[in-house]
Amino acid sequence: MKTSNKILIGLAVVVVITLFVINLVLKNEYQNWSRNRPTVEIGNF
Amino acid sequence: MKSTININKIILQLKQYFLENQDKELMYWSIMALIFTLIHQEGSFLFILSISGLIFAARQFKAFGHTPSGIHFLMIPATQAEKIITAVLLNTVYYFIMSVVTYTIGNLLGSTLFNNMMSTQAEISWSLFTGEQHTIWSVLISFISTQAIYMLGSLIFIKHPVRKTILSIIAITVTLYIIEYFIFQIVFGNETKLADLLPFFTEKFANPDDSFYKIITLLIQGVFAIILWVVSYFRLAEKEV
């Protein structure tokens, strides 16, 4: 396999792992954000 | 495979480019200055910079689309590393500096003309440099990473590199979005809504007040650009006509 393709595949794997890590790190922040954000009920204006 | 870097050879390649394209470049930047005279808002500059920059970068290695030109390009007495550095200097440094210079000229001319025609004394807006929404450095780093993507696209796709690179980016983005959705569900559980995904991450990473995430985003973009330059180097070294 060409070196450039190997690096691209490696980069794709790193991107997916990074996404996973970011999601884990931001778990608490998401739960706070989800709890505190303003919501509007349809038909209740 | 030789990978030495000689500054003189890079300068020679740049000189050759400007000698071969001086009329075209002069015409192109005059048109850009005219466009910026007519439209000189910060948002228009960012839009024009990204669209015109991607076309410039994606056509960087157009020589490979035509076999004799491709052979001629590979025969240029410079190492592949020197050719990639020259390409990066042209599509990133040169293009960005020229865009900012033409924008500055266009903004000055346009605002002065508008003031004279309308008999007003409106102040010239320099929001691009004063950093009310984006700083010039964050624009530069985003530009570097997108140019690196399109330069690699021009090496991967021989025919129609612009449209094929754009289509590939759309396909990769959709795939990443789907992967991210599954990761989101694994980490946060099934009660997570798909509609939550974009607003949460946009608020987190695009928030101009949160400097920590802004720095992380810029750092990722910078590292991403360097990796893509390395991939471009290997792609060029492996190139066959």
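Here are some worked exercises on a predicted model with chains A and B.

**Exercise 1. Helix 2 of chain B**

Compare the span of helix 2 of chain B with the expected one, then list its buried residues and what covers them.

*Solution.* Take the length first: helix 2 of chain B has 17 residues, and its first and last C-alpha atoms are 24 Å apart, close to the 24 Å expected at 1.5 Å a residue. Now for burial: Phe45(B), Leu49(B), Leu54(B), Phe56(B), Ala57(B) and Ala58(B) are the buried positions. Their cover includes helix 4, helix 5 (127-130), helix 6 and helix 7 (161-188) of chain B.

**Exercise 2. Where the chains meet**

Describe the side of chain A that touches chain B.

*Solution.* Count the partners: 16 residues of chain A contact 15 residues of chain B. On the chain A side, helix 1 (3-25) and helix 2 (27-36) of chain A are the elements giving two or more residues. Helix 1 of chain A gives the most, with 10 residues. Sorted by class, this side of chain A has 10 nonpolar, four polar and two charged residues.

**Exercise 3. Val231(B) and its contacts**

Is Val231(B) buried or exposed, and which residues does Val231(B) touch?

*Solution.* Val231(B) is buried because 23 other C-beta atoms lie within 10 Å, and the cut-off for burial is 20 or more. Beyond residues up to four places away in sequence, Val231(B) touches Ser4(A), Ile7(A), Leu8(A) and Leu152(B).

**Exercise 4. A positive phi**

Locate His160(B), give its phi and classify its exposure.

*Solution.* His160(B) sits in the loop between helix 6 and helix 7 of chain B. Its phi is near 50°, a positive value in a residue other than glycine. His160(B) has 12 C-beta neighbours inside 10 Å, so it counts as exposed.

Conventions:
Residues numbered from 1 in each chain as written. Chains lettered and ligands numbered in written order. Predicted model: local features only at pLDDT ≥ 70, side-chain atom pairs only at ≥ 80, totals over all residues. Contact = placed C-beta atoms within 7 Å. Helix = DSSP H or I, 4+ residues; strand = E, 2+ residues; numbered from the N terminus. Nonpolar A, V, L, I, M, F, W, Y, C, P; charged D, E, K, R; others polar. Expected span 1.5 Å × (residues − 1).
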